[in-house]
Amino acid sequence: MTPMPRFGNDFSWGVATSAFQIEGALTEDGRGRSIWDAFVDTPGKIRDDHIADTACDHYRRSDEDVALMKNLGVDVYRFSIAWPRVVPAGSGPINARGLDFYDRLVDTLLAAGIRPMPTLYHWDLPQELEDHGGWLSRSTAHHFADYTRAVVERLGDRVHDWITLNEPFEHMSLGYGLGIHAPGHTMGMAALPAAHHQLLAHGLATEVLRETGAERIMLANSYSPAQSAENGPGDANAAAAFDTLHHALFTDPVLLGRYPDLAAFNVDVSTLECIRDGDLATIAQPIDGLGVNYYAPTRLTAPDQGAALPFHVADFDDVTKTDFGWPVIPSGLTQALVDLTGKYGTHLPPLWITENGCSHHVEQGVDGTVDDSARIDYIDGHLRALRTAIDLGADVRGYLVWSLLDNFEWAEGYHQRFGLVHVDPETRDRVPKASFGWYSDMIAEQRR
């Protein structure tokens, strides 16, 4: 490989995880039940009926995982805090034992010289709130603000970087629209209140964080550039519609204070009863960064007549794919960052790559090593694409690999391996992969 371009001494390097995917200990120390606990317990929802009771056992092995990160040489660790571990019912009494875990984790990270960057919500809604409407209910946004206050009052003296939500588009579409993820609703476009209430929760949490002196407040969205298949005049319209639903719906309200035109979906935003006076002002409070989760672009064609959506997602032909079947197209990251910079201009805060990585499964060799060269190629290519975007004017401050550990990959169970560290499915023992060593060496070289 040719030498990696320089990113500068102020650029941050890190890794990311989420609570439900790694912690385990689902019934310990007062943790409440989440929508993902219920979803996993529903037969047929998780591939091969894998369960997350132990996951990566991070709840018991967090010291070991921080030691791995210290050896890796990262500056930042993005993790998520489990709402049901802190407020078991979603509202009401706070579980001090749950907060104790994150308190210890933060102290351990700081002692290792690693900056904690917690995400307050990564899809694990307390089940009791779902029983009362979940994100379809406005009250959930206010309960989220109360939960945020409880966390910040405990950790805010040491944690200065916060992410409110992770990928609200995926949570709305996969969880409420299509039923692929928890809580498993199949509402189609009737799931839009779940979008608005998540954004309202972001705004209310931002108010709480700002009151308590947070230095950096961010929202992490997924950005998958909409690429028209260009087989006919309808393909460009399909790509525009996808871009509106996936990106603008969750970015325009935060940065511009307005919702995009949803006419392509036969929705008049002005008639949505979930949106009340003052909501957009709450949602559009200034933030200090925007998290970009990037994995691949999306190829769009015009839908068949009578389709429920104004676009059809098509495959990329003759392109390398990850084990998840996602196309490996680093230039899409450049496109995503340049598009954001061009569209939002001075309204755009600094950007962070809060997730980027690939599923690539390689068994341990007879010598115990895991040679995941495809992951090295993936990260190398995407870092070069990131450098190109910066050269074209994108203000990007950091890059976080998804993920530190092989983990419970939602509806795919343990079949998809995203980690820099191999986790044995039986013993949960950790073995750094070749990509771990490569990333560590690259970070060290960047600091010379």
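1. Helices (H or I, at least four residues) and strands (E, at least two) are DSSP runs, numbered from the N terminus. This is a predicted model, where local features need pLDDT of at least 70, side-chain atom pairs count only at pLDDT 80 or more, and totals for chains, interfaces and linings use all residues. Residues are numbered from 1 along each chain as its sequence is written, and side-chain values use heavy atoms, with hydrogens and water left out.

2. On cavities: each is a set of points, on a 1 Å grid over the protein atoms alone, where a 1.4 Å probe fits but cannot get out. Grid points are joined across faces, edges and corners, and a volume is the space filled by probe spheres set on the points. The model has three cavities of 30 Å³ or more.

3. The largest cavity holds about 50 Å³. Its lining residues (an atom within 4 Å of a point) are L192, A195, H196, L249, Y259, L262, L272, C274 and I275. Helix α9 (residues 192-211) gives the largest share, three residues.

4. Eight residues of that lining are nonpolar, one is polar and none is charged. Here Ala, Val, Leu, Ile, Met, Phe, Trp, Tyr, Cys and Pro count as nonpolar, Asp, Glu, Lys and Arg as charged, and the others, Gly among them, as polar.

5. The second largest cavity holds about 40 Å³. Its lining includes T17, E23, H58 and Y102. At least two lining residues come from each of α1 (19-22), β2 (76-80) and α5 (96-111). The largest share, three residues, belongs to β2.

6. How many charged residues line the second largest cavity? One, beside six nonpolar and four polar residues.

Technical notes. On a 1 Å grid over the protein atoms alone, a cavity is a set of points where a 1.4 Å probe fits but cannot get out, and a pocket is an open set with protein on both sides within 12 Å along at least five of seven lines; lining residues have an atom within 4 Å of a point.
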